[in-house]
Amino acid sequence: MREYSFKDVESKWQKKWSDESTYKTENSVEGKENYYVLEMLPYPSGKLHVGHARNYTIGDVIARYKRMKGFNVLHPMGWDSFGLPAENAAIQNGAHPAIWTKSNIDNMRRQLKLIGLSYDWDREIASYLPEYYKWNQWIFKKMYEKGLVYKKKSTVNWCPDCQTVLANEQVEDGMCWRHSKTPVIQKDLEQWFFKITEYADELLTGHKELKDGWPEKVLTMQKNWIGKSFGTEINFTVVETGEKLPVFTTRIDTIFGVTYAVIAPEHPLVNEIMKTNPSIKEAVLNMKNTDMIERTAEGKEKNGIETGYYVINPVNGEKLPLWIGDYVLMNYGTGAVMAVPTHDERDFAFAKKYNLDLKVVINPVDKKTKEEIVISPENMENAFVGTGIMTNSGEFNGLSSKEALGKIAEFVEEKGYGERTTKYRLKDWGVSRQRYWGTPIPALYCEKCGVVMEKDENLPVTLPTDVEFSGNGNPLETSESFKHAVCPVCGGEARRDTDTMDTFVDSSWYFLRYCDPKNTDLPFAKEIVDGWTPVDQYIGGIEHAVMHLLYSRFFTKVLRDLGLLKSNEPFKRLLTQGMVLGPSYYSPKQNKFLYPSQVTMKGDQAFDSETGEELQVKIEKMSKSKNNGVDPEEMIEKYGADTTRLFIMFAAPPEKELEWNENGLAGAYRFLSKIWRMILENKEEIEHGTINYDNLTKEDKKVVRKLHQTIKKVTESIEDNYHFNTSIAAIMELINEVQEFKTNILDVEKGSSESKKVFTEAMTKIVVMLSPFAPHFAGELWEEMGGNGEIEEQPWPEHVEALTISEEVAIAVQVNGKVRGTLEVDRNISKEDLEKLALDLENVKKHIEDKTVAKVIIVPNKIVNIVVK
Ligand code: ANZ
Ligand code: ZN
Ligand code: ZN
């Protein structure tokens, strides 16, 4: 017998798939429905990590399964290839970012092919290529013409090391996401923005369309991110200037309990106050330089500056002190807050710290007696944030606070003090980056014409090569050829914008480009994209819940409104795969993590092989910093791609965490080897042909039944949220049964032709069902068994319900409604025979001995009830 040599098998099939373009996809195929399965495209960092391998294998199994189910499947791959690391590499070693990027892509593409992923490589895209980013510029222009792109000065997060603006999401605990030791500072810059807020409401209501296909967790994260609040904007009056100070509150019911007001340090009023009260300048500057994330962190101590100014509460004319506070954000609401320390936690902490007044306006209600509990400020240890009965609130006293919320809002509107409004936490998307390795923004500045967009026929505005990567500032500004341009309107001299776009722009519509990747007239043709989108199944990490997944939804809606496509949503179903975990080995003495190769195991305990020191073992997310990652390529080298794929799919359902362990891999390898041997060692038992079900022995029937039960189970588990682990477990059970059949029947009795056909049928279906998981292996065995055509062309097996049912049924036998025995009988037994068998049971005989049988009632396949008198 030929041994299972995965290397030969895998390279053979990979070559064949490539030579024959096996996975090339047409945009439509007569009689087939389109199905689009997509994994989030990778950043070409250089090497695949195990998380990639898991993500893409899940997608590949789905793609292969759907093809066998008769769909015309689109399964593409590409590269999110703009961004900082390429530029940092350029700074370090002088090579142009394109060179670094291209060689990383080449290596990772080679690795993807080693996994045996069934991509249509003809549709590959890379965002760093002008033929791709041209369309970023084109879409930018279209959005500009629609008023969805604008420029404004704004305070931005700035990393002094990156010398660039960071998105809020790129700030982690006040530090740069790439420089964990560099505090982010605040800086005012002119920036381009996308008006995502114009779609805030639709991004929320659109969740209705997604609720069946997306994890609830992701929808909740988006909902919180968009942060829609209903409230009231009410005007206080600044005593010193007579000007209005609008504040936004969601708790207008507490308006009589306001004891001071707070504004953000960036509030325009602060500049005026500093003119008359310069002593606070330094404190204000300090406060402004603390970054936003830290300022608003929960539980963070609140800092304030007393202004010496006062405001008037419109509802009761009270004169209240005005403070500047770091817990108030300029870019939410109006940047000013009416503080009610008795009923708001943040205000309470602030008032306690600075000894400000407290006034209770809502009393709680006793849950049991339903009576009002009068609380007083002296006894409060926390703010009372619940609902209750109104007090100290003039004409609203005695109302429930819930009712008062509406009544006071009406009152405020009637009196003209303010209005009910809706606010969102979602901010417009700042897309300007002061970096080289991104899509140039197609804007120019002309002295005569102002801000103008480059002409369509001059797109793409390509990245120049006469640039210096010094590590300081924006390299684009060092290019003379780039900066000096011709005004597309007047033909005079113009200066090009040297900002590039946030790379999230690239990934906001790439899934549309795959549908029509070579289009040179448009980003994509509408009818082609409409034939594929929304993407039927999207797969990626939960870390993209808010940015990428929200931006893609925004882009889809914008492109729809531009008439470029039909869908409202980009991704019909979303699967967020779990993390891959592995053991980490920490040495307390050396204060570092050791590599598994440096560790010796004794039972469950781990020791440093060199020093003998006992190490701390922890199962945690694989990461470079913990030295606990596995290299997928090494695993493929050692066990083969099919084994690696099978292990990944078997070890956990896709959405759950997966614990890597080599024993599991070895087990998967043994499983495949067992099937290999069962087929190659028993070639003389292989007999294709139609099974005559009437001629089967009891043992034959048992195998047939198990086969059909397995087909059912495997298919149902896949259809139920892709629980591949359950599918594989079912196939393993079937293999054991077939193996028993082979040893006990085929080997011993030299089975009949019918038994051989049963064996062949079972092995054939096993190979077909394994093919999405272990495609090279299945292809090889299919060929060995002399299957017709290619395995990829085989339809997914369907079970026959009747064949899943056992022919023996257990029937309860009752006498006057009491169970007196059971019978194992053929399900097709006649009523007469069944009645005879029932009356013949020893225990039944005992109970009817001295009585007369009046009636025998038979419920087919369930019960025989003997009625006696
Ligand atoms: C008075 C009040 C009394 C409030 C009370 C709450 C409880 P959400 O629900 O997140 O929209 N607020 C308003 N603008 C703010 C800003 N720019 N920075 C920080 N806080 C701000 O939060 C709305 C509430 O957050 C508002 O309602 C306001 O405090 C505060 F018992 O007004 B409230
Ligand atoms: Zn940085
Ligand atoms: Zn001009």
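Biologist: Which residue follows α22, and what is its phi like?

Modeller: That's Lys750, and its phi is positive, near 50°. Keep in mind that this is a predicted model.

Biologist: Okay, and what about α22 itself, why does its end-to-end distance make sense?

Modeller: α22 covers residues 724-749, so 26 residues. At 1.5 Å a residue it should span 38 Å, and the end C-alpha atoms sit 36 Å apart, which agrees.

Biologist: Where does α22 bend?

Modeller: At Lys742, by about 35°. Lys742 is also one of the buried residues of the helix.

Biologist: Which other residues of α22 are buried?

Modeller: Among them are Phe724, Ile728, Ile731, Leu734, Val738, Phe741, Ile745 and Leu746. Ser727 and Ala730 are buried too.

Biologist: And what do those buried residues pack against?

Modeller: Five helices, by name: α2 (50-68), α19 (641-651), α20 (662-680), α21 (698-719) and α23 (753-770).

Biologist: Let's zoom out. How many helices and strands are there in the protein?

Modeller: You'll find 27 helices and 37 strands. The protein has 869 residues, and 40% of them count as buried. Its C-alpha trace spans about 105 × 85 × 65 Å along the principal axes.

Biologist: How is the protein divided into domains?

Modeller: Domain 1 is 6-127 plus 515-576, and domain 2 is 140-195 plus 428-501. Then come domain 3 (228-424), domain 4 (580-651), domain 5 (660-804) and domain 6 (808-868).

Biologist: How far apart are the C-alpha centres of domain 1 and domain 2?

Modeller: They lie 27 Å apart. As for contacts, twelve residues of domain 1 touch 15 residues of domain 2.

Biologist: Which elements give two or more residues to the domain 1 side?

Modeller: α3 (84-93) and α17 (547-561) do. The largest share, five residues, comes from α3. By class, that side of domain 1 has ten nonpolar residues, one polar and one charged.

Biologist: Switching to ligand 1: which residues come nearest?

Modeller: Ser229, Thr249, Arg251, Gly333 and His343, out of 17 residues around the ligand.

Biologist: What classes make up that shell?

Modeller: Eight nonpolar, seven polar and two charged residues.

Biologist: And which strands each supply at least two residues of the shell?

Modeller: Look at β11 (244-249) and β15 (336-339).

Biologist: Last one: among contacts between residues at least 6 apart in sequence, what share joins residues at least 24 apart?

Modeller: That comes to 69%.

Technical notes: Residues numbered from 1 in each chain as written. Chains lettered and ligands numbered in written order. Predicted model: local features only at pLDDT ≥ 70, side-chain atom pairs only at ≥ 80, totals over all residues. Near = placed C-beta within 6 Å. Helix = DSSP H or I, 4+ residues; strand = E, 2+ residues; numbered from the N terminus. Nonpolar A, V, L, I, M, F, W, Y, C, P; charged D, E, K, R; others polar. Domains from an automatic or database assignment. Contact = placed C-beta atoms within 7 Å. Expected span 1.5 Å × (residues − 1). Bend = angle between axes of the 7 residues up to and from the residue. Buried ≥ 20, exposed ≤ 12 C-beta atoms within 10 Å, placed from the backbone.
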